[in-house]
Amino acid sequence: MFELLVLLIPLFPLLAVLVNGLFGHRYSHEVAARLAYGSVFLSFLCALAVAADVVADPQPREVVAYSWIFGGDLSIDLAFLIDPLTTVMLLVVTGVGFLIHVYSVGYMHGEEGFTRFFTYMNLFMVSMLLLVMGNNYAVLFIGWEGVGLCSYLLIGYYYDKVSAAKAATKAFVMNRIGDAGFLLAIFLIFSHFRTLDYTTVLAQASELSTGMATAIALCLLVGAVGKSAQLPLYTWLPDAMEGPTPVSALIHAATMVTAGVYMVVRNHAIYDLAPIAMTAVGIIGGTTALFAATIGLVQNDIKRVLAYSTVSQLGYMFLACGVGAYIAAIFHLVTHAFFKALLFLAAGSVIHALGGEQDIRKMGGLRQKIPITYAVFMIGTIAIAGIPPLAGFWSKDEILAHAFVQHHYGLYLLGAIGAVLTSFYMFRLTFLTFYGPSRVDPHVAHHIHESPKVMTVPLMILAALSIVGGFLGVPPEHGLLHSFLHPVAASAGGAAHESSTGLVVGLATFATLTAFAGLGLAYYLYVVRPHMADEWARRTSGLYTLLLNKYYVDEFYDRIAVEPCKRLGDMWDWADRHIIDRVVQGINHMTDKGAAAATWIEKHIIYGGLNIIGYANHLAAWSWRKLQSGMVHHYATIIVIGLAVLVHLLLFWLTGATPGSYAMR
Amino acid sequence: MLEEIEFGFPLLTFLIFFPLVGAAALWAVKDEASIKQAALAIAGIELVAAIVVLLGFVPGTAAMQFVEHARWFPQLGIGYHLAVDGISVLFMGLTAFLTVLLVLYAWDTVHLRPKAFYMSVLGLEATVMGIFLSIDLILFFVFWELMLIPSYFLIKLWGTGSEREYAALKYVLYTLLGSVFMLVGFALLSLNYHEVKQAYSFDLLELLSVPVPFDQQVLIFWLIFLGLAFKAPIFPFHSWLPDALVQGPIPMSVMLAGIKMGTYGFLRFSFPLLPEASRNPSIVTIVMILGLAAIIYGALIAIVQADFRRLLVFSSISHLGFVVIGLFALNVQGIQGSLIHMINLGFSTAGLFFFAGFLYERLGHIDVRQSSGLAKKLPLLATLFLILGMASIGLPGTNGFIGEFLILMGAFQAHWIYGAIAVTGVIFASAYFLWYYERAIFGPLKAGLPAALRDLTPREWAIGISLSVMIFWIGIYPSPFLRMINGSVQAVVERLDRGSLATPTVDHPLISRWVQD
């Protein structure tokens, strides 16, 4: 029964993919939609049942579907591992996924590619489920690249837009850079353990030398950095906003991009052995958290602000992993899934209301016109800004407290500054969108309408989760989530480093104050003194332009990687046409002569000696001539048959010779 | 006696000669419609016969199966010896499969001298079958050369480029050049056999029973290598390939890009006959470097191509680099991966050539600079195109992944640096395919494209679907295929480990099977 439930989780969306993909054009959008979200809902129910089982008995269990790849001592099953970590991921993926599917029915209503959209979304669910459920690195990799494909397809959903098409390619290729690192990690793991199953590998991880553990951990990190859009491979994520907004919510905020975090936590037994890799994870996370936040300060596209905020929040999760706070990382992953999905979907609702407008300079004053959207957006903002008692406060504070208590003061500082900025840019976004005078295009203004229930109900559920989600981890370090995840994600160093209550409360108070500082500054700049912000931007125009242009990182990558590759390709292409070809043409002339010689030998010697073959040759040539009414040169025929004859001749000659004298030394 | 599994009916002879007889019979057929139907029927029957062999094939053993043996030139030890084993059996199936698709493809596209065209295609099928089914080296060589005749005419007469005559001749001459060396290599093997057994033999199984001195092995290895390298083609012996594949007709490109005869030769002859040379560190290093160079060289050139067929040519060269490094990893994973990857290319790369043809038929060119936004008009084509492309770049779930993963895994274990360099090919592959796809298929519909663009015709649809089925089958559930090849791959690796100089022992599976005289 348990096995069946586990297998059904990815199977339901897979069925929906097949049916909608193959027959979707035969029935209405409504049927397609029902199939799509229905299948995810069924998966969610199965996941709940599985979760109930795991809560009762947290012992990890494996479910084997079939033997997938084998050869020599390599044997990979398509198999699943169900343990508390997988269970948490399953619930987030299917639960949030289901809400986003429902929302999409309203958001994508009337789209030409409606069925195509849901087919891709379901395919994404299948891949993501394989990713979190696999019991070995290869199955994880199926999901890993599968979600990449779906991300590609959904970013490129509006494929006739050049920017969307470009963003799709960029996302896939950048992800592939990470994937290459991941593959190397898999090979290293196999070379060392002769298996790819987590259970065996992680159980024996302690036997790894530090060097080997570091190598594996760093290769895995390359993969994680690509998928989770961390420095330096983050630039695809903001561009990914070309996809429809529900895609941004599901793939580029709540689930896919957190796969890197999941992977690091899953492999924490290896990371625990590799201090250098841990430091790398922490530094990458911390700098990304701050770096992306600074860019988020000045962006004017509502979705791009959220995109940079996602990059930044993922940075916090990596930071958490880097200081060994794996459970805190997963905790933040969960709360982030709630409030970031909420923010994206609410942004989608804004965009929907404004008929596609995404530029916050053309918004403002929407508070009264779309009150539900406003309310939920505000909840999301408070949650992400880290104001208690909403979800983000608990998880972010736990990460920063961990960093501080474990004496990673540098990382703590990066995170703390990032937190102020987060609060600031999120409230800036909220105020510019919903407060102040309306800057909406007059043509659009009188069409503004609140979204239908099918969209607002998922929003309200996510808002509720964003409010209460944090209590999964309360009290800090000893919440429900912590005790559930403890068997699989507790740091080897023993997470129970008792710190004084005073320090914890002090840090929490400080974090709250910084969040309010960001809020206050944003309120002052964008509500009280709306012109101040422009003033500041003018005064620091150099910095402002630098931020607005995202530090010119895209341009830099073009210059150092993309262009050189193309130039090299062009150069080699030229060389291939001109140099290699010319060299071989030299040989060609030689062979021409050789062929002519062969023909001569054939005509003058062999025809005499071996009439039958000569006749056969003539006959063949004649038939071809006949066949082609004289159009064909029988040049090639003669060469080929001539050569065959030469072979015979050579062999006859050899039979006559004394083998002993002829044989080479 | 040799332990070989025989079959009541000479099925392999049938596989080789039925298309030839069919081609001859086509001569009598008059009108175009009947010619097509007859050709399809012949290719179909051939496919059924191939499937019978596949179904009757006993997996998990290195034994030669469906053996047929007759004397030909006994005084020289040349025999008519046919058999399939794990190394050749899938190639046999692939050849029959692709020929059916070729006939389907040609149905609406070849109007020039259809009778001669289908005769050539069937002749090609027969000779390629011969290559894969021959166990005798000379018999193999005869088919290896005969294959050039139909190829030459196919490129020259039905090619789409203006320089097709040059391309045809170039192809023939290059292959001939290589095969001369190969033939000398074969003769040297036979001479060595004579030294020991006082009789000549060109029979693979008999040659295996005689150790070859190391110095000779090295010489013979390089002689055979040249023959195979030109045919495969292995970088830098590839310069005939762009001409033949771009100037030639799509069916020929499909055959040349899809059926990897050159690299097959390593598994069939070089590894078993010359194990000490094949595993010699300097030889392995040289060949590995060629393979790695091919991967990166091919991929980077593919990135900048505007003509999709030229892109595919260089993608082929890059993929062949993968095959080469998998083979010369000399471990089970690498060789198994290479073998399955060679088959995979018959579905993905060859399939992409079909799609290049579909586009060419519609647009009159396949230049990305003059087309974009085709997805809008041709959604089915765009979808199947993407599936084939994803298989080609090795996305998990498609066949391409199984091959590439095993190859990279094998190469990495041979030496981590091989794996680390080769893995970049995975990145470049996604770049060249997706960049092309982005510009040609995505984007706004280009003005000036033919107004009436028709999406896939039923026959094109059939081609795309059959390829996709194979792609997903091997990608999702590859065990039937892996089981078929496993026994032979295992045997080859053991042979490589033990070497030909070792005294044959009875417990050695390969030797005991092949050499109990």
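Okay, let me start with one residue: A:Ile360 is buried, because it has 22 C-beta neighbours inside 10 Å, and 20 or more is what it takes to count as buried. Bear in mind that this is a predicted model.

So where does A:Ile360 sit in the chain? It's in a loop, the one that runs between α15 (326-353) and α16 (371-385) of chain A. And which residues does A:Ile360 touch, leaving aside anything up to four places away in sequence? Those are A:Asn300, A:Ile302, A:Leu429, A:Leu432 and A:Thr433. There's also A:Arg439, which is 79 residues away along the chain from A:Ile360, with 8.8 Å between the two C-alpha atoms.

How far can you trust chain A? Its average pLDDT is 84, and 86% of the residues score at least 70. There are two stretches to watch, though. Over residues 605-617 of chain A, pLDDT stays under 50, and the model gives that stretch 10 contacts beyond four places in sequence. Residues 656-665 of chain A also stay under 50, with 9 such contacts in the model.

Next, the two chains together. Chain A puts 62 residues into the contact and chain B puts in 65. Sorting the chain B side by class, you get 44 nonpolar, 16 polar and 5 charged residues.

The crossing is left-handed, by the way. From α7(B), the residues making the contact are B:Arg164, B:Tyr166, B:Ala167, B:Lys170, B:Tyr171 and B:Tyr174, and from α10(B) they are B:Trp240, B:Asp243, B:Ala244 and B:Gln247. By class that's 6 nonpolar, 1 polar and 3 charged.

The second pair is α12 (residues 261-273) and α22 (residues 479-498), again of chain B, crossing at roughly 30 degrees with axes that come within 9 Å. Angles under 35 degrees count as roughly parallel, so α12(B) is roughly parallel to α22(B). Here B:Leu267, B:Phe271 and B:Pro272 of α12(B) meet B:Val492, B:Arg495 and B:Leu496 of α22(B). This contact has 5 nonpolar residues, no polar ones and 1 charged.

That's what I had, thanks.

Definitions and conventions. Residues are numbered from 1 along each chain as its sequence is written. Chains are lettered from A and ligands numbered from 1 in the order in which they are written. This is a predicted model: local features need pLDDT of at least 70, side-chain atom pairs count only at pLDDT 80 or more; totals for chains, interfaces and linings use all residues. pLDDT is the predictor's confidence in each residue, from 0 to 100. Two residues are in contact if their C-beta atoms, placed from the backbone, lie within 7 Å. Ala, Val, Leu, Ile, Met, Phe, Trp, Tyr, Cys and Pro count as nonpolar, Asp, Glu, Lys and Arg as charged, and the others, Gly among them, as polar. Helices (H or I, at least four residues) and strands (E, at least two) are DSSP runs, numbered from the N terminus. A residue is buried if 20 or more other C-beta atoms lie within 10 Å of its own, exposed if 12 or fewer, and partly exposed in between; C-beta atoms are placed from the backbone. A crossing is left-handed if the near helix is turned anticlockwise from the far one by less than a right angle, and right-handed if clockwise. Axes are lines fitted to C-alpha atoms, for helices over the stretch in contact, and angles run from 0 to 180 degrees between N-to-C directions. Angles under 35 degrees count as roughly parallel, over 145 as roughly antiparallel, 65 to 115 as roughly perpendicular and the rest as oblique.
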